[in-house]
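User: I would like to go through this model and ask, for each label, what value stands behind it. Please set the values against the definitions as you answer.

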Amino acid sequence: MTTHPGEKKSRFDPDPMPRRDFLGLAALGSMMAAFLLSIFGMLKLPKAAVSASPAKKFNVSIPDTLPEGEAFIPPGRNVAVFRDAEGVFAISTVCTHLGCIVKASPAGFDCPCHGSGFTKDGTVRKGPAPKPLPWLKVSLSGSTVTVDEEKTVKAGTKV
Amino acid sequence: MQAENYSALHEFWTNLRAIPSHVYRAMFRGGPPKTDRTRSSFIFGNVFLHLHSVRTHLWSLRWSTTMGLGIVTTAAFLITLVTGILLMFYYKPYPDIAYQSIKDIHFIVPTGRFMRNIHRWAANVMVVAVILHMARAFYTASYRKPREFNWFIGWGLLVTTLGLSFTGYLLPWDQLAYWAITIGANIAQSPREITDAMGITQWMDIGGLQREILLGSDKVGEEALIRFYLLHVMILPLTLAMLMAVHFWRIRKDGGLAKPKDADERVAEEAKEFYPVFTDSPAKTYHLAAVVKGKTSAVDSGPEHTVPSMPHLFYAELGVLMLTTLICIGLAFISDAPLKELANPLVPENPAKAPWYFLGLQEIVSFSAFMGGIGIPMLCVIGLGLIPFLDREKEGTGEWFGGPGGWKLVKWSMVVGFASSILVEAFAIKFGWLREWFPDIPQLIITFVNPGTVLTAIYAAFSIWAVRKYNSTRAGALALFTCFLCGFIVLTVIGTYFRGPNWDFFWSPSDWGGH
Ligand code: HEM
Ligand code: FES
C-alpha cells in the first residue's frame with residue numbers, strides 16, 4: 001500500500017517496511033531459496049532411478065513347424081517372431097498409438113483399441129498410429145534366437 | 001479460604017451429575033438454537049457451519065437458481081469418502097493381490113459389494129453433478145466479478161474430481177482398469193508425436209517424462225498401482241477438501257450467490273412472510289468491519305430480502321444430501337460395479353474403454369493421440385479457466401442464459417454443436433480420414449488436421465461469428481461453451497454405445513459378436 005504525503009494515517013496503516021531492511025530481505029530471500037530447493041529436491045524422488053521391469057533381452061526357440069510368414073509369439077512377450085527364406089526377424093506388437101497389443105491378422109497386424117492397422121512389415125496401413133511397429137534386434141546362435149526389446153533395427157533386417 | 005460448610009466431596013458429586021449439561025453448554029455457548037438470534041450465534045460459533053453466512057438471500061434459495069447441484073456434488077463426495085474409507089479396510093494395493101482383495105470385498109466381506117457399488121455410483125454421480133454445476137454457474141453468468149476467483153477454484157475442483165475418478169479406475173486391477181490406464185499413461189506420453197516429428201525427442205522428451213513420473217516405471221505395474229493409490233486415497237481427496245473449503249468460504253465472502261440486480265424486487269412477495277434483517281439484533285459485530293479497508297461485497301448494499309440460513313438453507317441442503325444418498329443407494333441396489341478378469345498385460349481387452357466420461361476423449365484420441373488427448377483438452381481447460389477474465393460484461397449476471405443473445409443464441413449453438421459433431425463423425429466413420437486416402441501423408445499433418453481439430457475449428461468460427469453479431473464476449477462464450485458441451489455429449493455417446501471391437505463403428509453393442 002503506498003501512502004501519499006498529507007494522507008491521514010491510522011494505526012492500522014503503519015509505515016511501509018523500509019526498503020533496505022537488510023536482515024528482513026535476507027531472511028525472506030533465504031527462505032525462498034530453501035523453499036525452492038526443497039521443492040526441487042522433493043520432485044526428484046518420484047522419478048525412479050531404475051525401473052523395476054523384467055529383462056528386455058530374452059531367448060526363444062522357434063518351433064520347427066512354424067509356417068513361413070506366420071507369427072510366433074514367445075510366451076509372456078509382446079513380440080512377434082517370424083522366419084522366412086531370408087532369415088529370422090522380430091517385430092514389436094506394442095501399438096505405436098497408445099500401447100495396446102496388436103494381433104496378427106491376414107493383412108498384417110490389427111490393434112483392438114482404436115483400429116490402427118499395420119502391414120506385415122509393420123508399416124501403418126490405417127488408423128491413428130503415428131509410427132510403424134519397430135523391428136527388434138535379433139541375434140542367432142545355433143538354433144536359439146535372442147531378441148533384444150530395447151534395440152530397434154531398420155525394417156527389413158533379417159538374420 | 002473455604003466456606004465453613006464446604007464439602008469437596010459434595011461439590012464433586014454435583015459436578016459429576018452436571019457433566020452432561022456442562023459439556024453441552026461448553027460446546028454450544030449461545031444456548032439451544034431456538035430463536036433467530038441464538039441460531040445465528042450457533043452458525044458463526046461453529047467452525048463448519050460458519051462457512052455459511054448467517055442469513056441467506058431468498059433468491060439463492062430458489063430451486064431455479066442452483067438446482068442444488070453444488071450440494072449434490074458435495075454430498076456425493078461425502079458418500080465416496082465414507083464408503084472409500086470402508087473399502088480401505090480390505091483393499092491391498094499390489095498387482096494381482098489387489099484384484100483378489102476387490103473380489104473378496106465383492107463376494108465375501110459382509111456389505112462389501114454394497115459399499116463398493118455405492119462408492120462407484122457416488123463417484124459417477126459426482127462427475128455428472130460437477131459438470132452440470134459448472135454449466136449452471138456458466139449459464140447464469142455467476143463467474144463474473146467478484147466471483148472470478150471462485151470460478152477458478154471450481155475449475156481446480158473439476159480437474160481434481162476427474163483425477164480422482166481416473167486414479168480410482170485402476171485400483172481393481174482387472175482388464176478394464178489395466179488397459180484404460182495403459183492408454184491414459186500413453187496419452188501422457190503423446191507429446192512425443194510432436195517432438196518425434198521435429199526430431200528433438202532425444203533432448204526434450206516431455207511426453208516420456210510425464211509418463212514415467214505417472215507410472216514410476218516404463219509400464220503399468222506395481223509402481224504405477226501404488227502411485228495411483230496414493231493419489232486416490234490421499235493427495236487428491238486432501239486437495240479436494242481444501243479447495244472445497246475455499247470454494248464455500250469464497251461464496252460467503254463474495255456476497256452470497258450471484259443474483260440479478262433486481263432480485264430483491266422479484267422475491268418481495270415471498271419476503272413478506274419473514275422478519276426483515278437487523279430488527280432483532282441491532283448490535284451487529286460492527287467493530288471488525290470498521291478496520292477493513294477497500295470495497296467488500298457488502299458495501300453499498302442496503303438490507304436485502306434475506307432469511308436466516310438456519311433453518312431455511314440448512315433444510316434445503318439436508319434435503320439434497322438425503323436425495324443424493326437415496327439416488328446412490330438406489331443405483332447400488334440396481335446395478336453392480338463391474339469387475340472383469342484379472343489384468344493381463346499380454347492381451348488387451350477388446351474394446352478397451354476408459355471410464356465413460358473419458359470416452360469422448362478416447363473418440364478423438366482415435367484420430368490423433370496428441371491432439372485428442374492433450375492438445376484439445378488443454379485448450380478446453382485453459383479456455384474454461386479464463387472465461388471470467390475474458391467476459392467482464394455486466395448484462396445478465398445471475399440470470400439463466402443471461403447476456404446478449406440469451407436463450408436464442410444458446411439454442412442455435414446447440415444446433416451447431418450437435419449437427420457439426422455428428423456430421424464430422426459420420427464423415428470420418430463413412431469415408432475414413434487422410435491416411436486412408438494418402439497412405440504416405442506425414443504424421444504431423446494428421447496431428448493438426450483430423451476430425452477433432454476440424455470440429456474445434458468449426459466451433460471457434462461459430463463463436464467468433466457470435467461475438468461479432470452481438471458485439472459481446474459473453475455471446476461468444478455462450479456459443480463456445482454450448483458447442484463444446486454438445487460435442488462432448490455426442491462424442492461420449494458414440495464412444496460409449498457405437499464403438500465396438502477394434503474401435504469399429506457398430507449400430508448396437510449386440511452386433512459386437514464373439515465376446
Ligand atoms: C467438487 C466440486 C465442486 C463442489 C463440491 C462445488 C460446490 C459448490 C456449492 C455448494 C456452491 C453453492 C451454490 C450451488 O449449490 O450451486 C457453489 C457455487 C459456485 N461454484 Fe462450485 N463446486 C464444485 C465445482 C465447481 C466448478 C467445476 C466450477 C466452475 C468451474 C464452480 C464454480 C462455482 C461458482 C462460480 C459458484 C458461485 C455461483 C454463484 O455465485 O451463483 N464450482 N459450488
Ligand atoms: S492403441 Fe493401437 S490403435 Fe490405439
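User: Where is B:P146 placed, and what makes the peptide bond from B:K145 to B:P146 cis?

Analyst: In this predicted model, B:P146 sits in the loop between α7 and α8 (148-170) of chain B, and the bond that reaches it from B:K145 is called cis with omega near 0 degrees. Most peptide bonds are trans.

User: Why is the arrangement around the iron atom of ligand 1 called octahedral?

Analyst: Six donors count as octahedral if opposite donors are over 155 degrees apart and all others between 65 and 115. The 6 donor atoms around this iron atom subtend angles of 84 to 179 degrees, and the arrangement is therefore octahedral. The protein donors are B:H133 (NE2) and B:H247 (NE2), at 2.0 to 2.1 Å from the iron, which is set against a donor cut-off of 2.8 Å. B:H133 lies in helix α7 (residues 112-139) and B:H247 in helix α12 (residues 222-253) of chain B, 114 residues apart.

User: How do you know how much area chain A and chain B bury between them?

Analyst: The accessible area lost on putting the two chains together, summed over both, comes to about 2600 Å², with 56% of it on carbon and sulfur atoms. On the side of chain A, A:L98, A:P112 and A:H114 lose the most area to chain B, together 22% of what that side buries.

Technical notes. Residues are numbered from 1 along each chain as its sequence is written. Chains are lettered from A and ligands numbered from 1 in the order in which they are written. This is a predicted model: local features need pLDDT of at least 70, side-chain atom pairs count only at pLDDT 80 or more; totals for chains, interfaces and linings use all residues. Side-chain values use heavy atoms; hydrogens and water are left out. Buried area is the accessible area (1.4 Å probe) that two parts lose on being put together, summed over both. Donors are N, O and S atoms within 2.8 Å of the metal (3.2 Å for Na, K and Ca); water is not among the atoms, so sites may look incomplete. Four donors count as tetrahedral if all angles lie between 85 and 135 degrees; four count as square planar and six as octahedral if opposite donors are over 155 degrees apart and all others between 65 and 115; anything else is irregular. Helices (H or I, at least four residues) and strands (E, at least two) are DSSP runs, numbered from the N terminus.
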